[in-house]
Amino acid sequence: PVNPLIECICCTQCFNGPVCGVSQETRAVQIFEILRTVSNPNDLENPNTPEGQAFDWIVFDDDLFLCPDNATLTQRYVMAVLYYATDGDNWTICSNTEEGIANCGIVTGDISSGFNFESRPAYLTAVSECEWFGNSCDENGAMKSIQLDNNNLNGTIPSEISTLNDLRTLQLDQNILRELVPEDIANLTMLEKLRLDNNMLSGPLPSMISQLTMLVELVLNDNALTGDIQEIENLLELQILELQNNMFSGFIPPGLGNALNLETAQFFQNNFTGSMPVVICDNIEPLGSIMVLTADCGGSSPPVSCICCTACFSEDEGLLRFTSVNTTIEIPPDYDIYVKSIVSHSLRHDNSN
């Protein structure tokens, strides 16, 4: 601009008078009014909350300097809330710190997810949030996938994430996430993959989780989740269901027998009681699709009776019994992966005979 108020030879952006057609103060007020439909206004006003930190970043520190009418404003804000709610500055890689930016992109792949992180910008950098590490969007710029597994996310899952209406994949496993799975996560009705395993989550499942009717993978093992799981029996598209190593209780819902593409269903090391529903047993290979079915059905007085499980866990004996090969094997340290590989192999062997 001609005759600027401030001389700057290194600024990333220079403005001549009002930005977005309004004063900077008015821009901040207008952004606040938009974001208060997503977050509690009190949280937005508090600079010590993830919402307040994300608001301040959007208004003052984001080099993209979005205007209030920008279509991606809310989505970018929500992703910033996720960053601050999970102590983003201390992520293993791709945080918005000097070290995080430097090491972002050096990871060439993750065997468990098959997701390639190579050459991805760090979070909160001056590119579209669709390009940030672990994120991907559809052709319309709507967030469709968040994969931040095993990256030292430490904190809580913010409820604001439920506003990402087109999200298909939410993969936050192997982190240090605490407290509840947000109730509003059930609003993500397009979700196909939800992986929150190996965290420190507690409390019951969202009461309306049955709304996630497009879920193909629901992986919640190795947390401290409680309550019954009756609502998941309506998730008929499930192929992988892993609930082991929690504190779920009640009965295993028979409606899961109607999930005709179910391949893996793991219930062991919980507080379930009763019998494995016959309709689930009817879906075991070779007549059905289930290759791995586990429960607390081992020992002399098992809490769960199961005549069709591929593996039974016994709290007393600390053993898994592989019924298809008629052997008893001690649990190795990586038993979860071990169970899947051994049982799948034994079932294929049995079928070939």
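Glu 179 belongs to strand 5, which covers residues 176–179. Helices (H or I, at least four residues) and strands (E, at least two) are DSSP runs, numbered from the N terminus. The model is predicted, and local features need pLDDT of at least 70, side-chain atom pairs count only at pLDDT 80 or more, while totals for chains, interfaces and linings use all residues. Residues are numbered from 1 along each chain as its sequence is written, and side-chain values use heavy atoms, with hydrogens and water left out.

**The chain as a whole**

The protein chain contains seven helices and 19 strands. Of its 353 residues, 48% count as buried; buried means under 20% relative accessible area, exposed means over 50%, and partly exposed lies in between (1.4 Å probe, protein chains only). Among the contacts in the chain with a separation of 6 or more, 46% join residues 24 or more positions apart. Contact here means heavy atoms within 4.5 Å.

**Backbone features**

Most residues other than glycine have a negative phi, and most peptide bonds are trans. Glu 179 has a positive phi, near 65°, and is not a glycine. Asn 150 likewise has a positive phi, of about 55°, without being a glycine. Asn 150 lies in the loop between strand 2 (143–147) and strand 3 (154–155). The peptide bond from Glu 285 to Pro 286 is cis, with omega near 5°. Pro 286 is located in the loop between helix 6 (278–281) and strand 15 (292–295).

| Residue | Relative accessibility | Class |
|---|---|---|
| Asn 150 | 48% | partly exposed |
| Gln 24 | 47% | partly exposed |
| Asn 151 | 2% | buried |

Asn 151 is also in the loop between strand 2 and strand 3. Apart from neighbours within four places in sequence, Asn 151 is in contact with Trp 91, Thr 92, Ile 93, Phe 133, Gln 174 and Asn 175. Gln 24 is part of helix 1. With residues up to four places away in sequence not counted, Gln 24 touches Val 19 and Phe 65. The C-alpha atoms of Gln 24 and Phe 60 are 9.4 Å apart, although 36 residues separate the two along the chain.

The twelve residues of helix 1 should span 16 Å at 1.5 Å a residue, and its end C-alpha atoms are 16 Å apart, which agrees. The expected span of a helix is 1.5 Å times one less than its number of residues. In helix 1, the residues Arg 27, Ala 28, Ile 31, Phe 32 and Leu 35 are buried. They lie on the same side of helix 1, because they cover an arc of only 135° around the axis; the arc is that of the directions from the helix axis to the C-beta atoms. The buried residues of helix 1 pack against helix 2 (41–45), helix 3 and helix 4 (73–85).

Two packed helices are described by the angle between their axes and the distance between the axes. The axes of helix 1 (residues 24–35) and helix 3 (residues 50–61) come within 10 Å and cross at roughly 145°. Axes are lines fitted to C-alpha atoms, for helices over the stretch in contact, and angles run from 0 to 180 degrees between N-to-C directions. In this contact, Arg 27, Ala 28, Ile 31, Phe 32 and Leu 35 of helix 1 meet Phe 55, Ile 58 and Val 59 of helix 3. The residues of the contact of helix 1 with helix 3 comprise seven nonpolar, no polar and one charged. Ala, Val, Leu, Ile, Met, Phe, Trp, Tyr, Cys and Pro count as nonpolar, Asp, Glu, Lys and Arg as charged, and the others, Gly among them, as polar.
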